[in-house]
Amino acid sequence: MARPSMSVDDYVEKYGPHISDLPVTGWNSKPEPDALVETHCCFCGMQCGIKLAVKDNKVIGFEPWEEFPFNEGRLCPKGVKRYMQTHHPDRILDPLIRTETGFRKASWDEALDLVVSKIRAIQEKSGKHAFGMMSGVSLSNEKSYLVGKFARLALQTRNLDYNGRFCMVSAGGGNKKAFGIDRAANTWSDIPLASVVFLAGTNVSECFPTLTHYIWQARDRGAKLIVVDPRVTPIARTADYHLQIRPGTDSALNQALLHELIRNDWVDHDFVTQHCKGWEELKASVEKCTPEWAAEICGITPIIIREVAAVWGPAKTSFLMHARGVEQQIKGVENVLSLINLVLTTGRIGRPGCGYGTITGQGNGQGGREHGHKCDQLPGNRDIENPEHRAYICKVWGIDDSELPHKGLTAVEMFEAIHEGEIKGLLNICCNPLVSHPDTNYLRETLEGMEFFCVIDFFMSETARYADVVLPGSLHEEEEGTATSAEARICRLRAAISPPGNARRDTDILLEIARRLGREKYFPYSEPHEIFEELRVASKGGTADYYGVTYERIEKEMGVFWPCPEIGHPGTPRLFEDKKSYQPDGLFHMHVTAYRPSFEVPDDEYPLYYTTGRSVFHYLSGTQTRRIKFLVDNFPGPVCEMHPKLAAKMGLKHRQLVTVETRRGAISIPLDVTETIRPDTVFVPYHWAEKLAANQLTVRALDPVSKMPEFKVAACRVRPATPEESVRLRKDYAALKQEADA
Amino acid sequence: MTVVFKEFFIDFQRCIGCEACAAGCAECHTHRGYPMVQVDKVDPAMSPQTSPMVCMHCKVPTCALSCPADAIKVDENGIVHSSLKPRCIACRNCELACPFGVPMIREDIQQMQKCDMCFDRTAAGKKPMCCTVCPTGALHYNTMENMLAARPHSKPINKWQFGNQIVETRLWVMVPHDVDIMVVDWPELLAGAAGPIELAVKLKERFPLQGFPGPQPTRDEPVPVGAGVGSFSDTEAEYL
């Protein structure tokens, strides 16, 4: 049973998160570096170029990499401070095995023997698929590919999924339905050429700060900026049009915009009739979706919907982007398709300045979702249930079709199966579900009930506390590889240093487990570039085709855009230039997206909308950024944003400690009274764990297509915190700022 | 090779409050962990607007004028440097005198340190660190010619009025085309105005050509700061 054997306080005391902001050399004697290693930031899908300053196998600082074309040296504070993580005192330096009183250090042999014997025991007793694997897309392309192959051929399980399921998987689902390819249609260099920039559910300024520059470049040329967000984010503050809609009502707004485009004949008739499928049905479906109808649902005025349609409709060029705001809903795929409909109706795609794309959030959110560590996917973004796709990958891997598992469970479904005892063991790498999974109290029960749980991580994440074995893995800067940015630019990650202490490269850990499981013949690699060589071949002929890409080319050209199907192929920065999609019929598929309500909407008992998101100072589950003092000082813990009108009505005051409750749980946090949020909605950022986890309150309801949970909409109520809750909160907050010993 | 120092621009509207400038600044070998840039939250109860503050490098620096030890020097490139260590008596005159609130006495070393426009970088032909990392171009280092071409909807100005003092700075701030001087802290008006709305009316009357927006709708009622068991004090809630 994977119950933690110490109190939370003791885990924090022993393994952190502690905060530290000291370069490995100290501040007083920064020596000249031996090398400046050109690599990329690990902290979002922009993959900004950065040079890490290295001396004696330690990262001692950074220099901006101004030659890298995407960011030209620009960084956000996470990127600037990222080098503080490599030598952080919280790094796990030895394999750990759980005991009655915590963890004890173990040798690699002992730890791996235990892992392998448990995998074998569970699989012999309950079948191969009773052991699952969870992965994450902060891993490189090489590691993502390796995990996909490792789970299917070493663990021989079908139950492998990844944390993209909590991130952008609805965008992938929508993109595949409309375009037959899961990729931003354009590179970011098309943004400055657009005369209208439309941002739907994306806090670009906090989640993708370096992309903000591109949007301002468009505005410098006179572009209008439209932002759809329930909050006044820093980018929404400056927008020409801010549609501050109710959470979960995006597709209603988009249908009304489409209604207006049709009513005013702002339609590219040649494009919708010659290059699209489903135009007539789509047109009929929005006949009654007037701005008045949508305004009622969205909680905005019909006038602004008309004004925005009048800006979007007749524009010559435009760029539409969306992110988690529209995707993390049970209607994620529908929301995405309803936005794509606005792009297709106006025919503004596949040309300079005419663009569309999802802004992927995780470090390798793009590349990591292409090469087979999704439950339904094989490398090259192939379908695990398509016989031709299976046959090709079986040939590359040298196996029979019978040896290749079929589709497994998606992330939330997998944790539910663990909860129900159908899956008994889990290997978890690069994922901290105790922060990032919806309904974390349910997730905690799930972890506690597991027969065997192994975590590979570089820090003791909150999830790792529940592990039977923790294997110390590697950071982004400790392994060679590639990552693919949100604009589909394949970038080269360099190993600046090797892992500290007895920590090992993630690749080496997986290869060693495979060897001990007797499956080494399928994994004949010693270095990541050998995995990349196989990935190239395995992706060949798939939509995400990397065959023509080599490490040398990426380094020389500072990134190659896939598809790149042949050696010498220039890569494909802009898709659809020939007005053909990647669907078998070559058409762009329009889909009817009838509005339906969110899983849970406010009622008498829980009268407010609850929504979650991010801060610029933290990355995802915060395992890394909650350990860096500068970032923690700027944003130590979660707060509840509330409009002053609502606060006055409820008799609540700025900085008062409140408890936010939903049907799943409660969180006690300080109140931040600000006019930047809708008066019917409260917002809590999600980067923290345990009693400070925003996801204690979210619902496990899933999008029927993408299986994305609904992080963005729930019904809640707010009350003053009790004295007991206040005392605990003060303690929890104090723990967030616990300094590491120097 | 002669290094040409370029112009430093602040474009307040682009600031997203990410503190990358401060984080990058703190890395400098000369001030080691202490940022010389500050990012101010303008009115967090109303707006996410933030404002980066670096040294404006005044042509006639008030800090230097106020220094009894003659420790603050301007070089031939117009850069106002940190106090000279042997001269600085850490008297705080500069801190109090600077109209922009830039100089800071470092208690640990008993010296005033301030932004020197990354002299080590700019003298080598590089951009200052804050301008290099700023993800939005709110802090930007370029030639005047390039800036005018790149951002035609704003114009750079470098004149400020503080009470009766006119200050001309080496740094430029990007403002709307109808603004020629940044007017802040006009004591006669402040003295006569009952509140922010009246002040806005008076500023608009006094400077009709300078784009003051006039009275703005304000929040319905002031947001009270909570107190007692169930709230955080100012020091506990540093993030707010």
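What follows is a dialogue about a predicted two-chain model.

Guide: Residues are numbered from 1 along each chain as its sequence is written, and chains are lettered from A in the order in which they are written. In this predicted model, local features need pLDDT of at least 70, side-chain atom pairs count only at pLDDT 80 or more, and totals for chains, interfaces and linings use all residues.

Visitor: What makes helix H7 of chain A mostly covered?

Guide: Seven of the nine residues of H7(A), residues 212-220, are buried. A helix here is a DSSP run of H or I with at least four residues, and a strand is a run of E with at least two, numbered from the N terminus.

Visitor: How do you know that chain B touches chain A?

Guide: Two residues are in contact if their C-beta atoms, placed from the backbone, lie within 7 Å. By that criterion, 43 residues of chain B are in contact with 48 residues of chain A. H1(B) gives the largest share of that side of chain B, three residues.

Visitor: What is the confidence over residues 221-229 of chain B?

Guide: pLDDT is the predictor's confidence in each residue, from 0 to 100. Over residues 221-229 of chain B it stays under 50, while the mean for chain B is 85.

Terms used:
A residue is buried if 20 or more other C-beta atoms lie within 10 Å of its own, exposed if 12 or fewer, and partly exposed in between; C-beta atoms are placed from the backbone.
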